[in-house]
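Reader: Please display the model, so that its charged side-chain pairs may be discussed.

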Amino acid sequence: MSFASRRIVIVTIIALTASGLLLSVEGQTPSSDPPPASPPSYELPPETAARLSKLLPFSFPRLNQRQPCQIAVIGNTLTDLSPQPAGTGPLDSFPGAFARELADQFYFTGGVRLLDAPAAPDASSSEARGPELALRYLGRQDVTVFTAGEALGTYGSQAPPQILLLCFGLEEARLGTHPLRFREALGSLLDVVASLQIDVILAGPPLPASPPIEKSFGQTREFTSILRGAAAARKLPFVDLGDLSQILPLAPELTEPAPIFETLSTAYRAAFDSAT
């Protein structure tokens, strides 16, 4: 299995965990034994509805009414539509995991439909009929924060998506992009997107795992910090796909940076090796 193929397996594991940081499913499954006189209720509890309407203020009304809703994805590490190992694909990466969880959250019984994917035409996460969420990948893996506006321009005169998921940093690190240029370009992109009145979610990139791992781990973290800061300043949801502590539990006695790094890096590499 190639490194790129192994990466989608690891990113998928992180995705399933990270998407849970944005959406809470606690207490939202209809009762399996409802009162005989009352049909099951698919309405969100008030506290959950309030939280999600704050995270997704523009798309929440459509989601809550199960109206057509499209999620667009732009960013390196998130737009790999090439054939993947059996059992994995575009719907198994972070955007797919997030979209599936969103569909479950709002009871889109048709699941998630992948649009414009040559490697998986007419792909859907569910065989059931019913309301669907649409997931569209814009651009390819080499898209950067500097070219993302061109990818978004694909919509032209069409209505923009309701949710836009952005993840940058991996390709910019590979190209040696200066963090200040990255920060400026990100700010300009978010200014443009803000005028569209759509919900934006920022994601920090997963960690590279090329040796020496001490160097590769640090290549993207400054870009992650910039993305996190921009999300905080603009009150946007943010998820860090490079935060290994979300999927690799640490023993309580590990408090010093050196043993924490050794534990996380060893487990991370082992996960890649086991996927071969």
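**Salt bridges in the predicted model**

Author: Asp 240 is buried, with a relative accessible area of 8%, where buried means under 20%, exposed over 50% and partly exposed in between, using a 1.4 Å probe and protein chains only. This is a predicted model, in which local features need pLDDT of at least 70, side-chain atom pairs count only at pLDDT 80 or more, and totals for chains, interfaces and linings use all residues. Residues are numbered from 1 along each chain as its sequence is written, and side-chain values use heavy atoms, with hydrogens and water left out.

Reader: How many salt bridges does the structure hold?

Author: Side chains of opposite charge can pair when their charged atoms come close. The criterion applied here is a side-chain nitrogen of Lys or Arg within 4 Å of a carboxyl oxygen of Asp or Glu. By that criterion, the number of salt bridges in the structure is 5.

Reader: Which elements hold Arg 221 and Asp 240?

Author: Arg 221 forms a salt bridge with Asp 240, and their closest N and O atoms are 2.7 Å apart. This pair links distant parts of the chain, its residues being 19 apart. Helices (H or I, at least four residues) and strands (E, at least two) are DSSP runs, numbered from the N terminus. Arg 221 lies in helix H9 (residues 221–234), and Asp 240 in strand S6 (residues 238–240).

Reader: What is the relative accessible area of Arg 228?

Author: Arg 221 counts as partly exposed at 27% relative accessibility. Arg 228 is likewise partly exposed, and its relative accessible area is 36%.

Reader: Is Glu 171 buried or exposed?

Author: Glu 171 forms a salt bridge with Arg 174, the closest N and O atoms being 2.5 Å apart. Both residues lie in helix H6 (residues 170–175), 3 residues apart, about one turn of the helix. Arg 174 has 60% relative accessibility and therefore counts as exposed. Glu 171 has 13% relative accessibility and therefore counts as buried.
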